[in-house]
Each structure stands twice: as C-alpha cells, then as structure tokens.
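Work through the exercises below with the sequence and the structure at hand, and try each task before reading its solution.

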Amino acid sequence: MNYIFLFTLCAVILTISAETCQKPEVVASAYVTEDATVLTNVAFTTQFVLKCSNGVKGIPLYAEVEGKALPAVRLSADNKYQVSWTEDIKHARSGDYSVKLYDEEKYAAIRKAYRSGEDPSVVKPLAVVVLNNPGIYLGPWINSEFLAAFLAALVSYAAFSAKFKLLA
C-alpha cells in the first residue's frame, strides 16, 4: 500500500514539474571570437532569457546548432540560459547560426528521429535564437617579421649597390 502511495506521489510531482513553456519569448545576446590570429578554435556564446506566458521557470533546455546537440545551461533562477560551443577556424563560417531550443519532450523526439533515421526538422523547436558571426580576422596577409626582413635585405642591397657604383 505504501508503494502505491509513493508511486502516485512521484507521478504527481513529475507531472507538476514537467510543465511546458507556452508562447515562449526569447531575448538574446551573443558573443563570437573575431580575432583568431593566435587561436585554433572560434568560440560562440549566446545568453538569453526565456519568458513563458504561463510563468514556467527553470525548465531544462537543450539546443541544436547545425546538427550538434548542446545543453543549455541555466545561469539564474529568472530563466537566464547560456549555450556555448567551439568550432575549428577552418569550419567556422561567417553569417547567421540558428540555435534551436528544445524542452525535454521535444529533445527526446529529436533524438528518436535521429535514431530511427527520420527527418528531425519535423519537430518544431520551442524557440530559435539567431547568432550572427561577422567573420574572423586571421591576421595580416604578410607577417611583420617577413616584411621587416625583406625591407632590410632591400635596403642592404640598395646600399651596397650604391657603394660599389661610387667606388667603381
């Protein structure tokens, strides 16, 4: 009898805690590494506040960016989240990245679609955050050390040529 009561209590608690966000609104900010002169990876970070019309707070979120599944880390009790990832400089492109956000139920549906070979785009995300990468600065075309050595060799050549013309 105690087991039935305990099971019922757990079911009620899970049902209450598994509320879904109705009419989500997202206010986001983003950061992308732009100077990659000494880096091998580009960091992408987006922070956002999720507001639900039914007042649900603290729901676990998951993100998907170009086929990569990522956790959305909750930063505070007021529904502030962060999603971060890195990409190799060679694979990072400039332009918009769509960060699709899913709750637990929709993320489970996405994983099921991948496992069964179905199209995961049929699962509608809870919200989408657009992160813009303006481009990555990879440094100057010519390194300053090479340019300095070239100019020193050019000046030395000009000086010795002028010296030999004067002495001749």
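Contact here means heavy atoms within 4.5 Å. With that cut-off, residues 24 or more positions apart account for 66% of the contacts in the protein chain with a separation of 6 or more. The model is predicted.

**Exercise 1.** Describe the overall build of the protein chain, and state which stretch calls for caution.

*Solution.* Begin with the secondary structure, which comes to 3 helices and 7 strands, and follow it along the sequence, where the pattern reads α-β-β-β-β-β-β-α-β-α. Next consider the burial of the 168 residues, of which buried residues make up 26%. Then turn to confidence: the chain averages a pLDDT of 83, and 89% of the residues score at least 70. Over residues 9-16, however, pLDDT stays under 50, and the model has 0 contacts beyond four places in sequence for this stretch. Where pLDDT is low, the predicted coordinates should not be read in detail.

**Exercise 2.** Determine whether Asn 79 is buried or exposed, and identify which residues it is in contact with.

*Solution.* First locate Asn 79, which sits in the loop between strand E4 (68-76) and strand E5 (80-88). Its relative accessible area is 2%, and because buried means under 20%, Asn 79 is buried. Leaving aside neighbours within four places in sequence, Asn 79 is in contact with Phe 48, Val 49, Leu 50, Val 56, Lys 57 and Gly 58. For Val 56 there is a further detail, in that its backbone oxygen lies 3.1 Å from a polar atom of the Asn 79 side chain.

**Exercise 3.** Find the salt bridges of the structure, and say which parts of the chain they link.

*Solution.* The structure holds 2 salt bridges. In one of them Arg 93 pairs with Glu 66, the closest N and O atoms being 2.4 Å apart. This pair links distant parts of the chain, with Arg 93 in the loop between E5 and strand E6 (95-102) and Glu 66 in the loop between strand E3 (61-65) and E4, 27 residues apart. Arg 93 is partly exposed at 35% relative accessibility, and Glu 66 is partly exposed at 47%. The side chains of Lys 68 and Glu 87 also meet in a salt bridge, at 3.6 Å from N to O. Lys 68 lies in strand E4 and Glu 87 in strand E5, so this pair ties together parts that are 19 residues apart in sequence. Here Lys 68 counts as partly exposed, at 33%, whereas Glu 87 is buried, at 8%.

Definitions and conventions: Residues numbered from 1 in each chain as written. Predicted model: local features only at pLDDT ≥ 70, side-chain atom pairs only at ≥ 80, totals over all residues. Heavy atoms only, no water. Helix = DSSP H or I, 4+ residues; strand = E, 2+ residues; numbered from the N terminus. Buried < 20%, exposed > 50% of the residue type's maximum accessible area, 1.4 Å probe, protein only. Polar contact = N/O pair within 3.5 Å; in protein donor to acceptor, adjacent residues only side chain to side chain. pLDDT = per-residue confidence, 0-100. Salt bridge = Lys/Arg side-chain N within 4 Å of Asp/Glu carboxyl O.
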